Structures are given as C-alpha cells and as structure tokens.
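Please walk through the fold of this protein with the structure open beside the text.

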Amino acid sequence: MKMILRWFGRDDDHVSLEYIVQIPGVSGIAGALFDVPVGEEWPLDKIRALADDVKKSGLKFEVVESVNVHEDIKLGLPTRDQYIDNYIQTIRNLASVGVKVICYNFMPVFDWLRSDLAMQLEDGSYAMAYHEDKIIDTNPVEIIERFREGSQGFSLPGWEPERLAELKQVLSQYAAVDEDKLFDNLKYFLERLKPVCDETGVKMAIHPDDPPWSVFGLPRIITNRDNLARVLSLVDSPHNGLTLCTGSLGANLDNDLPAMIREFGKRGRIHFVHVRNLKIYAPGDFHETSHLSSDGSLDMFEVMKALYEIGFDGYLRPDHGRMIWGEKGRPGYGLYDRALGAMYLTGIWEALSKMV
Ligand code: DNO
C-alpha cells in the first residue's frame, strides 16, 4: 500500500508540499494541472514543471487526480474523437514523467455533490453533508451558487466554472442518454485508450459516482457492485480499473465495501483507494466524519483488512477530512484532519502486518 495525499498545486492549495512530506508514511501526492480546460491536451512543459516541483520536495508524483473527461465523450457526440485524441496525448505526456495511475470519473455534468460544505458537528468541527431534501427541490443553478459561496475562495474539483457555463444546454443533451448509452460511451472511450495504456503501462481508475445514485434526473452508473463489474467487463484489461472510494460507494449501505475490495482487488483491478468515513442517518442523508470507525457508519478496520488480505500494493489516500483546529481551506481538503486520517490508516495497516 502506498499512502499519498491529494494536492492542488502551488497556486491554489493552502497546504504545501513541504507540509505534506512531514506526514509520517505519506510518500507522494495525487496531483493535476488545474488550468487546462477540460478536453484539451495537457502540455508537456507544464507537466514536467509540476513533476519536478513534487520530486524536489521529496515526494512521488505517480497518480493524477483527475484528467477530466469532456462532456461530448460522455454524451457520445461525433465531436468526441478529437477530445479522446487529446486525452490519449495527455496520457502519453503524463507517462513520460512517471505517472502510473489516472483517476477520472464518468459522472454526467456534476462531479461530487453535497448540500452543505461546512456543517458544524457537535465537537465544533465542520464537515460536508448531504441532505436529500435540500437537493431534491433545488435548481442545479442554485447548487452551483451554493458551492461557489461555500468554497472559501478555492476552486472546487469538478466544479470548475467553465465546465458549468453551458449548464442548461448540457442538461438538455442528456435527455437522450440513458444508463445503457452511458455504458456504451464509456466502452468507446476505454477501447480507444487501450493501445496507449498498453504502450505506456498507465492504468485508468474510474471514480464512483458521489453520491452513488442519480441526481437531477441524470443517469449515473458507477454506483454498486453489479455496475462496477459491468464497467470492468467493458474492456477486460488491467488498464480499465477502479478508484475504490469508500465515502462515495459507502453512502449506500447496501454496498458491501470489504466484499467489493476482495472481489475486484483479487482480480488486480483496484488501482487507487480513497478512504473516507460517513455518518448515515437515513438513506440519502449523511455527513462526513473523521476517519475513525466509531465516528461514522463505515468500518475502516474492515476496509483496511480486506485490502491487506488481497495484498493491495496500489495507491491509497485519506479522503475528505473535516475542518478542525480553526483551519481555513478548501472544503474536504484541510491538512489536519487528512493527516490524522493518514496516520490512523497507516496504524491499522501496521497492526495488520504484525498480527499475522
Ligand atoms: C471530490 C473528489 C472528486 C474526484 C473525482 C475523480 O472531492 O472525490 O472530485 O476527485 O470525481 O475524477
């Protein structure tokens, strides 16, 4: 298991590489270029500059989160090929600096969704929350405004303004795309990527839909065991793998996380793991918590045990933390609670490795 942390770059992260390298057990970061519009090729010189900066800090840059997928690819429009060509070249450029895994998602229009970006918990900390009744009757435009206001001035991953500019038009285009069509479009994308992944060894790791159910009537397919199995069968190759995100899949308590880890991990198809805990009060209602099992509804020990048992040697990162100790920063991505999470998960791993 290789413990890493997500990092948003020198210009847009209040957490520095110099702090990240001080977290015991953290050997690298999951990074990205955040100033390249979705669909365009990532320029090699910018990738090199990022990789050099990370390496100089004593950290590894082997995971990218995310190279976002242009909406035309998800929609299956005739224009998709030019965007896929750019994606292929981006993979080649990233591979040339040693990137091994690319995390991406195939969620129509919206990436992850929350009703609250800073809900105060009993201990005074702030966490992100999802309350179905605050989402269900809300216009997507209002949600975007809510995210902008609550983001503490940081851009939120997946909520980049240019991506949402054409919202009305994109939402109407999805009227013609149901779940089966979305699977077909994903298959087309993955088939086109296979040669460059075979050539470079880069592994694609699809992120589950967060939350794992349809929002605003849009199709969402990366939601449960059967659909994950279906994704893997679209192109049966190790380059077509998963980011197993406990907080996304775990929002539906019918999803048995350790069982999924055993099933897909044994097949060598989990390349990246995001570990996050949630307190679920009712279907569709939850808030994020510290990583500690007893603070939430997900058993972190069982998650780590399943990973340990399958001999997981991929990348893992603590996911969304709370804001604690007065820290101000990008919601979900503070330093303190994620560092505590990293230490806790590393501690479980050490205990597992010494128990046998
Ligand atoms: C949110 C993240 C997502 C994730 C993407 C992967 O905090 O979990 O934005 O990075 O869905 O492409």
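β5 and β6 form a hairpin with five residues between them, where strands are DSSP runs of E with at least two residues and helices are runs of H or I with at least four, both numbered from the N terminus. Within the turn, Gly124 has a positive phi of about 95 degrees. This is a predicted model, in which local features need pLDDT of at least 70, side-chain atom pairs count only at pLDDT 80 or more, and totals for chains, interfaces and linings use all residues. Residues are numbered from 1 along each chain as its sequence is written.

β5 and β6 (residues 126-131) run antiparallel and are joined by three bridges; two strands count as paired if DSSP finds at least two bridges between them. Asp116 has Ala129 in β6 as its bridge partner.

Parallel pairing is found around β2. Strand β1 (residues 2-6) pairs with β2 in the parallel sense over four bridges, with Ile4 opposite Gly28 in β2. β2 is also joined to β3 (residues 60-65) by four bridges, and these two strands run parallel; here Ala30 has Val63 in β3 as its bridge partner. Together, β2, helix α2 (residues 44-56) and β3 make a right-handed β-α-β unit (with the strands pointing away from the viewer, the path from the first strand over the helix to the second runs clockwise).

How many of the six residues of β2 (residues 26-31) are buried? Five of them are, where buried means 20 or more other C-beta atoms within 10 Å of the residue's own, exposed 12 or fewer, and partly exposed in between, with C-beta atoms placed from the backbone.

The last stop is the ligand. Residues around the ligand include Glu65, Cys103, Asp111, Trp112 and His207, each with its C-beta atom, placed from the backbone, within 6 Å of the molecule. Strand β4 (residues 101-105) gives the largest share of this shell, three residues.
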